[in-house]
Amino acid sequence: MGLVDLFFVASAPVLKVLLLTALGSFLALERMDILGENAMKQLNTVVFFVFNPALVSSNLAKTITFEGVVLLWFMPFNVLGTFLIGSALGWVLIKITRPPQHLKGLILGCCAAGNMGNLPIIIIPAVCREKGSPFGAPDVCHTYGMAYASLSMAIGAIYLWSYVYNIVRIFSSKVNEKVNADEFTSNKKPNGATSKLLHGNSSEAVLPSENCSVSVDNTTKLMLPSEEEKKGPILYAIKHYLRVFSGKINLKALFAPSTTGAMVGFIIGVVPQIRNLIIGGDAPLRVVLDSASFLGEAAIPTLTLILGGNLLKGLKGSGILQPLIFGIIAVRYIFLPLLGIIIVKSAIRFGLVHSDPLYQFVLLLQYALPPAMNIGTITQLFGAGKTECSVIMLWTYAFASVSLTLWSAYFMWLVV
């Protein structure tokens, strides 16, 4: 197929996404009051806890086997590459534009984390069903394409909540520390009020305490090593670092429902005994997989409507520098895809990626996606850059309609 034909094949799925996104934005308007703030929040909860896990687990269970896991080993490293390269480019963007402190975590997150789950799950099935698709029979393409997209969603969720989450947390904590310091400075009373606080009641401070010996004993106990430290200093150190690590990392967010669904799908697909019970026309528990697939089918249209409703917030936002928006667009739609082509083609040349054109297309597509929508959730958790995030999402997804079409057509031409 020629490049022009591939362009028309690639444009149809993006147009479908745009139509549903526009419908979601229309339903989210205040005068419509159908997909309002509360309705979208409830719908998002259902998608997060029910539809996405069902979609991921059912698709992975159908197609993933032990041999398939061996063939797909490169994808986790490919997704990690998008995060690391995006972070490096985002850091360069920060050095050039010098944004406010509270936006640095948001910029790094938008450059690092692409929409690894929702958009591939929407686009790839549409590409497979499109007439003239270069990836073979529509049913076979759809089955394997959904497995690749589901795996991409699960891996992207792990990196998003373990890597980007902590980047935004670190920068937002620095902002909060600075705000607290400024508040403390502004609340200091003039004319020596601070010294009065220190010296005004000094007579009470010099009075002897009846419990002084007890305080000394307690202080001595605090300074002495505990029995646990005496028995095993190495074990104590390990427990201490694990406690600190669990406090720093949001394990609940890391093991999101989609990630848990991917684990369940892996176990069902890889373990033959469980696979024979659930998958296949003669499987006694095949109704379980059929029910999960039925639930998962609702995820794609619902996700697209929510996407449109979220982007509407960007129209109400303001106050972000234009160079930042253009810089993020350049990182995600120019530099990352070009570097992704070099990485994936090099991996194919050295035999690290198997010869399935659809799999290669998914690997390349991971470098050309807009920022992950969950970055908005993360900024809301820490209260840093919420309004600016909506504006960034609006413009990056508006440009994605053109960028995804062009890159998808070019990626198809590269792999077929």
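# A disulfide, a helix and a surface patch

Student: In this predicted model, which cysteines form a disulfide, and how far apart are their sulfur atoms?

Tutor: The cut-off for a disulfide is a pair of cysteine sulfur atoms within 2.5 Å. Cys128 and Cys141 form such a link, and the count for the model comes to one disulfide. Their sulfur atoms are apart by 1.9 Å.

Student: Which parts of the chain does the pair tie together?

Tutor: Cys141 lies in helix α7, residues 138-186, and Cys128 in helix α6, residues 118-129. The pair therefore ties together parts that are 13 residues apart in sequence. The two helices concerned are α6 and α7.

Student: Is the link of Cys128 and Cys141 left-handed or right-handed?

Tutor: The angle about the S-S bond is -65°. Both Cys128 and Cys141 are buried. The handedness of their link is left-handed.

Student: Why does Cys111 count as buried, and how far away is the nearest cysteine sulfur?

Tutor: Buried means under 20% relative accessible area, and Cys111 counts as buried because its relative accessibility is 0%. Cys110 is also buried, with a relative accessible area of 0%. Cys111 is in no disulfide, for the nearest cysteine sulfur, that of Cys110, lies at a distance of 6.9 Å.

Student: Which residue caps the N-terminal end of helix α19?

Tutor: Helix α19 spans residues 357-365. At its N-terminal end, a side-chain oxygen lies 3.2 Å from the backbone nitrogen of Leu358. The residue that supplies this oxygen, and so caps the helix, is Asp356.

Student: How many residues of helix α19 are buried?

Tutor: The helix is mostly covered. Among its buried residues are Leu358, Tyr359, Gln360 and Phe361.

Student: Which helix gives the most to the nonpolar patch on the surface?

Tutor: The patch is formed by Val46, Phe49, Val50 and Leu295, which together have about 320 Å² of accessible area. Val46 counts as partly exposed because its relative accessibility is 34%, and Val46 lies in helix α2. With three residues, the helix that gives the most is α2.

Student: What share of the contacts between residues at least 6 apart in sequence join residues at least 24 apart?

Tutor: The secondary structure of the chain comes to 21 helices and zero strands. Of its 416 residues, 46% are buried. Among the contacts in question, the share that join residues at least 24 apart is 85%.

Terms used. Residues numbered from 1 in each chain as written. Predicted model: local features only at pLDDT ≥ 70, side-chain atom pairs only at ≥ 80, totals over all residues. Heavy atoms only, no water. Buried < 20%, exposed > 50% of the residue type's maximum accessible area, 1.4 Å probe, protein only. Helix = DSSP H or I, 4+ residues; strand = E, 2+ residues; numbered from the N terminus. Polar contact = N/O pair within 3.5 Å; in protein donor to acceptor, adjacent residues only side chain to side chain. Contact = heavy atoms within 4.5 Å. Patch = residues over 30% accessible without salt bridge, like charges linked within 9 Å, V, L, I, M, F, W, Y side chains within 5 Å. Areas by Shrake-Rupley, 256 points an atom, 1.4 Å probe, with all protein chains shown as cover. Salt bridge = Lys/Arg side-chain N within 4 Å of Asp/Glu carboxyl O.
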